[in-house]
Structure formats: structure tokens, C-alpha cells
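Visitor: I am new to this structure and would like to learn how to read it feature by feature. Could you show me the model and take me through it slowly?

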Amino acid sequence: MKNILAIETATNICSISLFLDGSFVETKDSDEPRSHAVKLPVFTDELLKAHKCKVSELDAIAISSGPGSYTGLRIGMSLAKGLALSYNLPLLSVKTLLAMDMEIDIEFPHWVCIHSHKNMVFAQKFNNHEPVNDATCIPVENLDAAPVFGTELQKCNIDFNEILPSSQTIGRFALNNAAALAEKDYQKVSPFYLTEFNISK
Amino acid sequence: MKSGWKGGVTSSAEETINLGKSLSKFIEAGDIITLEGDLAAGKTTFVKGILDGFNFDRQVTSPTFTLINEYEAQLRVIHMDCYRENDLQRWINLGIQDYFFSDDVKIIEWPEIISALIPKDHISITLKSVSEFERKIYIK
Ligand SMILES: Nc1ncnc2c1ncn2[C@@H]1O[C@H](COP(=O)(O)OP(=O)(O)OP(=O)(O)O)[C@@H](O)[C@H]1O
Ligand SMILES: [Mg+2]
């Protein structure tokens with residue numbers, strides 16, 4: 001697998017990257033809130049045209065699967081599935097926190113977090129790029145003393161190092177793990193919401 | 001929401017608008033406000049007042065058909081009307097969780113229809129028709 005489009009829409013960042021012949025070519029992104037539905041299709045079109053690449057020439061579509069914003073994830077997943085379906089391309093679904101951890105080069109345990117709402121964060125602990133636990137959605141107070149990396153955490157009153165989700169990282173992770181991730185049964189690929197509604201009553 | 005808002009009895013739509021306006025000073029980012037009351041109790045009229053209080057000078061209309069109206073006022077206000085849609089999954093697909101998780105102010109007419117989805121820490125306001133023109137409006 002050499003030519004892929006990679007999509008990252010789990011947070012306020014809407015980002016798409018093109019890889020050709022296994023190498024990164026270009027990213028288009030925006031951090032304007034709630035603009036994913038408008039921007040993502042336009043970015044996709046511009047990116048493909050700029051590099052004279054057709055969807056039929058792609059080998060796969062990589063998608064950041066969450067956790068993150070419900071609407072953001074659905075917009076990204078819809079476009080990914082739409083593009084994949086048109087030429088029966090495999091989807092490469094990449095966990096958002098796992099990809100963010102690829103950007104962190106420290107050799108001791110640390111948290112990777114995305115702000116969810118109020119004092120709640122999507123959080124997962126990693127050590128040497130291996131998850132130490134499952135991703136959860138927990139109050140920020142429940143994080144232990146390990147250093148925190150992540151995004152949109154300003155509201156949480158904690159010390160953290162900023163790491164932004166990016167489609168470039170999603171694409172790189174997807175290329176490195178393409179064989180394990182490739183999925184053509186699209187029903188099996190869905191956003192990883194983590195905070196699904198519990199309909200009470 | 002800040003405490004201290006007093007409801008009241010109004011005897012015209014204008015008075016209900018003014019009462020809504022008085023509420024807006026107590027509203028904080030992220031608040032979820034539910035408005036319960038029968039047809040024509042004055043819920044939408046009350047929302048007009050709230051938006052007035054946020055210096056929103058464009059039209060505020062009922063979201064009965066659109067389901068959700070978004071207003072870029074002093075605070076961003078999300079105005080929902082659940083009357084027409086009782087399928088909870090459709091509200092979920094619409095992304096109401098993102099609205100509930102956001103700093104926007106959420107105001108919901110006919111909340112009883114989707115009560116299973118509304119976070120517990122919301123502010124519940126009731127509007128009761130006392131007579132043709134009188135409305136009793138209070139926090140539950
Ligand atoms: N004291 C009052 N306060 C508010 N509205 C009043 C009052 N007296 C009469 N009215 C009339 O009642 C109607 C209230 O309409 P409004 O759309 O605000 O109700 P609603 O509760 O939103 O109804 P719906 O359930 O259909 O959404 C208006 O026609 C208004 O003129
Ligand atoms: Mg109404």
C-alpha cells in the first residue's frame with residue numbers, strides 16, 4: 001500500500017493528508033470549530049487535484065476513529081466510507097490516542113488525553129508507544145502523577161504538553177500497520193465514541 | 001446558572017419577553033435550560049426574551065420544524081424543540097451530545113420527549129397558562 005488519504009476529524013481540527021508512493025505529500029487543515037462538514041470535502045478535492053491524483057489511484061483510506069467529538073468522527077467516517085466504497089478500497093482505522101502517542105518521545109509512562117466536556121477527558125496511558133490501559137473517559141482529577149500530553153486541555157487546569165491530532169500521523173501509522181488494519185467489510189469499521197449515550201428509563 | 005432569578009406571572013407576550021430578558025443575566029456558558037409547558041404556553045416567546053437579553057437583534061423563530069436553531073449571540077445559543085421528533089436515536093445522530101458537551105447555552109422546548117438524553121444538571125423552567133393571557137413562569 002503506497003497511496004493513501006488520511007483523515008483526522010476527532011477534535012476541532014479538521015485535517016486531511018495525502019501520501020503517494022509511501023511518502024507524505026501534503027496536509028490541508030483548519031482548526032475552525034464546527035467547520036468539518038464544509039471543509040473536509042473541499043480539502044479532499046483540492047488535495048487530490050493539486051497532486052493530479054484520482055480516488056481510483058488510491059490504495060486505501062486511513063481514518064482517525066476516536067475517541068473525540070461525536071459529530072466530528074461521524075463526518076470523517078462518512079467521507080472515508082464514501083471514498084472507500086466508490087473503488088472498493090480498504091479502510092485503515094486508527095485509534096486517535098494511539099496515533100497521538102506516536103508523536104511523543106519519552107521513555108516513561110505518560111497520559112495522552114483529549115478534552116471531552118466539563119472536567120472529563122478521554123485518556124489513555126502509554127509507555128514506549130504501548131498502551132498501558134484501555135482508553136477511558138474520566139474526570140481529569142483521576143489522572144495519576146504521570147505527565148500529560150494532549151489537546152484542548154486548557155479548561156482543565158492541569159499542566160500538560162500540547163500534542164495535536166494530525167492526519168499526517170494517522171497516515172504514517174496506517175502505512176506502517178497497513179496489513180493489520182486493512183478492512184473491506186465497512187460495517188466493521190465505526191467511530192470509537194467511548195461516551196455513548198446511556199438511554200435511561 | 002447563577003442563582004437568584006425570580007420567575008413570575010406575566011399577562012402579555014411582551015411581559016414574557018421581558019421576563020426572559022431578565023433570566024439572561026443569570027445564564028452562564030454551557031447551561032442547559034429546559035422549558036416545559038403546553039402548546040402556546042409561551043416557550044418560544046420566552047426564548048425571544050432570553051436572546052433579547054443577549055443583544056441578539058435577528059429573528060428568533062420556533063424550531064418546531066428545523067428541530068434546532070443556532071444563534072450567534074453574546075453566548076452561542078442552541079434552541080431545540082423536541083415536539084416533532086420522539087425518536088431518541090435521531091437526536092443522537094444529530095449530534096446533541098456535542099451540543100450538551102459544549103459551552104453553548106442550550107434551551108430546549110418539549111424536553112419531556114427526550115428526557116432520557118438530557119444531562120441531570122439542567123435548569124428546569126415551567127410555563128403554565130393561567131388564563132388566556134396570563135402565564136405563570138417558574139423554576140421547578
Ligand atoms: N403572557 C403571555 N406570554 C406569552 N405568550 C402569550 C401570553 N399571552 C398570550 N400569549 C400568546 O401565546 C402564544 C405563545 O406562543 P409560543 O410560540 O411562545 O408558545 P410555545 O409554548 O412555544 O408553543 P409550542 O408548544 O407550539 O412551541 C403567542 O401567540 C402569544 O401571543
Ligand atoms: Mg415553541
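Visitor: How many residues lie between strand 2 of chain A and strand 3 of chain A in their hairpin, and which residue in the turn has a positive phi?

Guide: Strands of a sheet pair through backbone hydrogen bonds, and they may do so in a parallel or an antiparallel sense. This is a predicted model, and in it strand 2 and strand 3 of chain A form a hairpin with 2 residues between them, where A:Asp21 in the turn has a positive phi of about 50 degrees.

Visitor: What joins strand 1 of chain A to strand 2 of chain A?

Guide: A hairpin joins them as well, passing through 5 residues, and strand 1 (residues 4-8) of chain A runs antiparallel to strand 2 of chain A, with 5 bridges between them. A:Ile4, which lies in strand 1 of chain A, has A:Phe19 as its bridge partner in strand 2 of chain A.

Visitor: Is strand 2 of chain A largely enclosed or largely open?

Guide: A residue is called buried when its relative accessible area is under 20%. In strand 2 (residues 14-20) of chain A, 6 of the 7 residues are buried, so the strand is largely enclosed by the rest of the structure. A:Ile4 in the neighbouring strand 1 of chain A, which pairs with strand 2, counts as buried too, at 0% relative accessibility.

Visitor: In what order do the strands of the open sheet in chain A come, and which are its edge strands?

Guide: The open sheet has 6 strands in the order 3-2-1-4-5-12, with mixed pairing. Its edges are strand 3 and strand 12 (182-183) of chain A, each of which pairs on one side only. Strand 12 of chain A pairs with strand 5 (residues 91-94) of chain A in the antiparallel sense over 2 bridges, and there A:Leu92 stands opposite A:Ala182. A:Leu92 also shows how the chain brings separate stretches into one region, for A:Ile4 and A:Leu92 are 88 residues apart in sequence and 9.5 Å apart in space, C-alpha to C-alpha.

Visitor: How many residues of helix 4 of chain A are buried?

Guide: An α-helix has 3.6 residues a turn, so residues three or four places apart point the same way. Helix 4 (residues 167-176) of chain A is mostly covered, with 7 of its 10 residues buried, among them A:Ile170, A:Phe173 and A:Ala174. At the start of this helix, a side-chain oxygen of A:Ser166 reaches to within 3.2 Å of the backbone nitrogen of A:Gln168.

Visitor: Turning to chain B, which residues are the protein donors of the magnesium ion (ligand 2)?

Guide: The protein donors are B:Thr44, through OG1, and B:Glu109, through OE, and they lie 2.1 to 2.2 Å from the ion. B:Thr44 lies in helix 2 (residues 43-53) of chain B and B:Glu109 in strand 5 (residues 105-109) of chain B, so the pair ties together parts that are 65 residues apart in sequence.

Visitor: Which residues come nearest to ligand 1?

Guide: Of the 19 residues around ligand 1, those that come nearest are B:Thr16, B:Lys43, B:Thr44, B:Thr45 and B:Phe133. Backbone atoms take part here as well: an oxygen atom of ligand 1 lies 3.0 Å from a polar backbone atom of B:Ala40, and a backbone N or O atom of B:Thr44 lies 2.8 Å from an oxygen atom of ligand 1. The protein covers 74% of the 650 Å² of accessible area that ligand 1 has on its own. By class, the shell is made of 6 nonpolar, 7 polar and 6 charged residues.

Visitor: Which element gives the largest share of that shell around ligand 1?

Guide: Helix 2 of chain B does, with 3 residues. This helix is mostly covered, 8 of its 11 residues being buried, including B:Lys43 and B:Thr44. After the helix comes B:Asn55, whose phi is positive, near 55 degrees.

Definitions and conventions: Residues are numbered from 1 along each chain as its sequence is written. Chains are lettered from A and ligands numbered from 1 in the order in which they are written. This is a predicted model: local features need pLDDT of at least 70, side-chain atom pairs count only at pLDDT 80 or more; totals for chains, interfaces and linings use all residues. Side-chain values use heavy atoms; hydrogens and water are left out. Donors are N, O and S atoms within 2.8 Å of the metal (3.2 Å for Na, K and Ca); water is not among the atoms, so sites may look incomplete. Helices (H or I, at least four residues) and strands (E, at least two) are DSSP runs, numbered from the N terminus. A residue is near a molecule or strand if one of its heavy atoms lies within 4 Å of it. A polar contact is a pair of N or O atoms within 3.5 Å; within protein, one must be able to donate a hydrogen and the other to accept it, and residues adjacent in sequence count only if both atoms are side-chain atoms. Accessible areas come from the Shrake-Rupley method with a 1.4 Å probe; for residues, only the protein chains shown count as cover. Ala, Val, Leu, Ile, Met, Phe, Trp, Tyr, Cys and Pro count as nonpolar, Asp, Glu, Lys and Arg as charged, and the others, Gly among them, as polar. Buried means under 20% relative accessible area, exposed over 50%, partly exposed in between (1.4 Å probe, protein chains only). Two strands pair if DSSP finds at least two bridges between them.
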